[in-house]
Amino acid sequence: MGRNYENLEELKRKKKLLKDEIHDLESLLTFKNTKESLSAFTNGLSDQYLKEKVDEDGEEKTVIRKDVIAKQITSEVKDLFLSKNTAMGIAGSAFKGDAVDTVVKLAVTAFVANYAKKNLKSSNWKKKILGAALIYVAPIALKFVRKKLENYQKTKSVSSMEQLI
């Protein structure tokens, strides 16, 4: 059933290694160092958005780097408007619905970011986990819903075209 060990020292070494590994995993799961734990869960994606800060009491806190998030949002908006060469291009995209789509994206992003920030500042650990999950799960969920809606719209338009023919 189990592995046979040659001597007692080998068994003690294996036991110590397992205890150390369990201790490391427990320290990650208990969020003793929030930034490290989130980094481990997200494979480093959260590192650019989080920063450790020492408050007046000397305690280390993990805070959201709003400057990085704001820079990314502004660069996306800038790229969106710069990709349209002329004012006519911007006006044409507004008529096609791209401008409304962009405004809706920015509104949803702002709403989720504010809600996540409020939850991360909460003293309740469940709300902190919810806030962290929102930062990483919400974009994935929104992309998934958007793809499903686009596929649904395509199938509806194809079926309506088939009915016309």
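Reply: Let us begin with salt bridges. A salt bridge is a side-chain nitrogen of Lys or Arg within 4 Å of a carboxyl oxygen of Asp or Glu. The model is predicted, so local features need pLDDT of at least 70 and side-chain atom pairs count only at pLDDT 80 or more, while totals for chains, interfaces and linings use all residues. Residues are numbered from 1 along each chain as its sequence is written, and side-chain values use heavy atoms, with hydrogens and water left out.

Me: How many salt bridges does a search of the whole structure find?

Reply: The search finds three. K16 and D20 form one of them, with N and O 3.1 Å apart. R146 and E150 form another, at 3.2 Å from N to O. In the salt bridge of R65 with D67, the closest N and O atoms are 3.8 Å apart.

Me: How are K16 and D20 placed in helix α1?

Reply: Helices are DSSP runs of H or I with at least four residues, strands are runs of E with at least two, and both are numbered from the N terminus. K16 and D20 are four residues apart in helix α1, so about one helical turn separates them. R146 and E150 are likewise four residues apart, about one turn, in helix α6 (residues 125-164).

Me: Which accessibility class does K16 fall into?

Reply: A residue is buried under 20% relative accessible area, exposed over 50% and partly exposed in between (1.4 Å probe, protein chains only). K16 counts as exposed because its relative accessibility is 53%. R65 is partly exposed at 27%, and D67 is partly exposed at 41%. In the remaining pair, R146 is partly exposed at 36% and E150 is partly exposed at 34%. Of the 165 residues of the protein chain, 13% count as buried.

Me: What is the pattern of elements along the sequence?

Reply: The protein chain follows the pattern α-α-β-β-α-α-α-α, which comes to six helices and two strands.

Me: How many bridges join strand β1 to strand β2?

Reply: As a general rule, two strands pair if DSSP finds at least two bridges between them. Here five bridges join β1 (residues 50-54) to β2 (residues 60-64), and the strands run antiparallel. V54 stands opposite E60 in β2. The hairpin of β1 and β2 has five residues between the strands, and G58 in this hairpin takes a positive phi near 90 degrees.

Me: Which residues make up the aromatic pair, and is the pair stacked or edge-to-face?

Reply: Rings of Phe, Tyr and Trp (its six-membered ring) pair if their centres lie within 6.5 Å; planes under 30 degrees apart count as stacked, over 60 as edge-to-face and the rest as tilted. The structure holds one aromatic pair. The ring centres of F111 and Y115 are 6.5 Å apart and their planes lie at 15 degrees, so the pair is stacked. F111 and Y115 are four residues apart in helix α5, about one helical turn. F111 counts as exposed at 60% relative accessibility, whereas Y115 counts as partly exposed at 35%.

Me: Which residues make the nonpolar surface patch?

Reply: Patches are made of residues with over 30% relative accessible area and no salt bridge: like charges are joined within 9 Å, and nonpolar side chains (Val, Leu, Ile, Met, Phe, Trp, Tyr) within 5 Å. Accessible areas come from the Shrake-Rupley method with a 1.4 Å probe; for residues, only the protein chains shown count as cover. V104, V108 and L142 make a nonpolar patch of about 220 Å². V104 lies in helix α5 (residues 98-121) and counts as partly exposed at 44% relative accessibility.
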